[in-house]
Amino acid sequence: MAKKKLKNFSIDRLINGERIEKYDYIITKQDPLSFVTESFQKVIINLDYANVDGDLKVIQFTSTLPSEGKSTFVSNLSYLLGQRGKKVIVIDLDLRKPKMNRVFGSPNKDGLTDYLSGKVSLEKAINHSEDLGIDFMTSGEKTSAIINVLEAKKLQDLIAQLKEEYDYVLLDTPPVIAVSDALYISKLADGVIFVVAQGKAKKSVVREAVSNLKNHGINIIGLVLTQVDLKSGVYGYGQNYAYYSDDDDDDDIK
């Protein structure tokens, strides 16, 4: 596994204090001259520097807790990479609380789990967004056998195949704390970009999440700070994953 590092980078004012819950609102597309879009462009430049040999193709995105802007970050980054002529596919590997179907305005069916179970072909499971110019795969039908899915040889083979066909395979995955899904998925990725929302998680919990990744030998290529309000500080989406306990106290990231 590559050990290149992406310089820690702050997406200042990713949402600039505005509460945006529409996952299909891609700010880098709607407002290409904004400060936010410029911040994303700088992330891509840092990614280019970290990936000069082109060996970081499968990139996983995770966070400490839910609602730290992970899916929003992935969708905006994938759009800009597509605009740069890169062939990109986004896979929703958050099998518990999928979001990518909302980003692309697509029903969450005939997706990843449907392909892995043999219900649909790979060609049917991969969708193309004419609006964003990238391919995507929804999580598909819900399953209780999540770990079995994440450890499936067919999933490993799928990622290996897509790695040959695309410039970037971006994996939207659950947060690290409370469930182990992200750790299983990291075995499939060349590196992880860790998303931290200002004012969301306690510093101690963030450290625990990062330590979990490092203890498993996972290549953390970068950290992105989101939901930063430079004027007054704390801002959050307010969406919760049922399997977590959000407990924001006075030891938040600030």
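This is a predicted model: local features need pLDDT of at least 70, side-chain atom pairs count only at pLDDT 80 or more; totals for chains, interfaces and linings use all residues.
**Helix α10**

At 1.5 Å a residue, its 13 residues should span 18 Å, and I found the end C-alpha atoms 18 Å apart, which agrees.

Next I asked which residues of α10 are buried. My list reads Val 205, Val 206, Ala 209, Val 210 and Leu 213. Looking down the axis of α10, I saw these buried residues fall within an arc of 135 degrees, so they line one face of the helix.

On the face turned away from the buried side I found the exposed residues Arg 207, Lys 214 and Asn 215.

**Just past the helix**

I then followed the chain out of α10. Gly 217 comes just after the helix and takes a positive phi of about 70 degrees. Asn 219 sits in the loop that runs between α10 (203–215) and β8 (220–226). Is Asn 219 buried or exposed? I have it down as buried, because its relative accessibility is 0%, and buried means under 20%.

Ser 67 has a positive phi, near 65 degrees. I located Ser 67 in the loop between β2 (58–63) and α3 (70–83). With a relative accessible area of 10%, Ser 67 is buried.

Asp 110 also went into my notes, with a positive phi near 55 degrees. Its place is the loop between α4 (100–103) and α5 (112–116). How accessible is Asp 110? I wrote down 23% relative accessibility, so Asp 110 counts as partly exposed.

**The whole chain**

Last, I stepped back to the chain totals. I counted 10 helices and 8 strands. Of the 254 residues in the chain, 56% are buried. The accessible surface comes to about 11,200 Å², and 45% of that belongs to carbon and sulfur atoms. I also checked how far along the sequence the contacts reach. Taking contacts with a separation of 6 or more, I found that residues 24 or more positions apart account for 82% of them.

Key: Residues are numbered from 1 along each chain as its sequence is written. Side-chain values use heavy atoms; hydrogens and water are left out. Helices (H or I, at least four residues) and strands (E, at least two) are DSSP runs, numbered from the N terminus. Buried means under 20% relative accessible area, exposed over 50%, partly exposed in between (1.4 Å probe, protein chains only). Contact means heavy atoms within 4.5 Å. Accessible areas come from the Shrake-Rupley method with a 1.4 Å probe; for residues, only the protein chains shown count as cover. The expected span of a helix is 1.5 Å times one less than its number of residues. The arc is that of the directions from the helix axis to the C-beta atoms.
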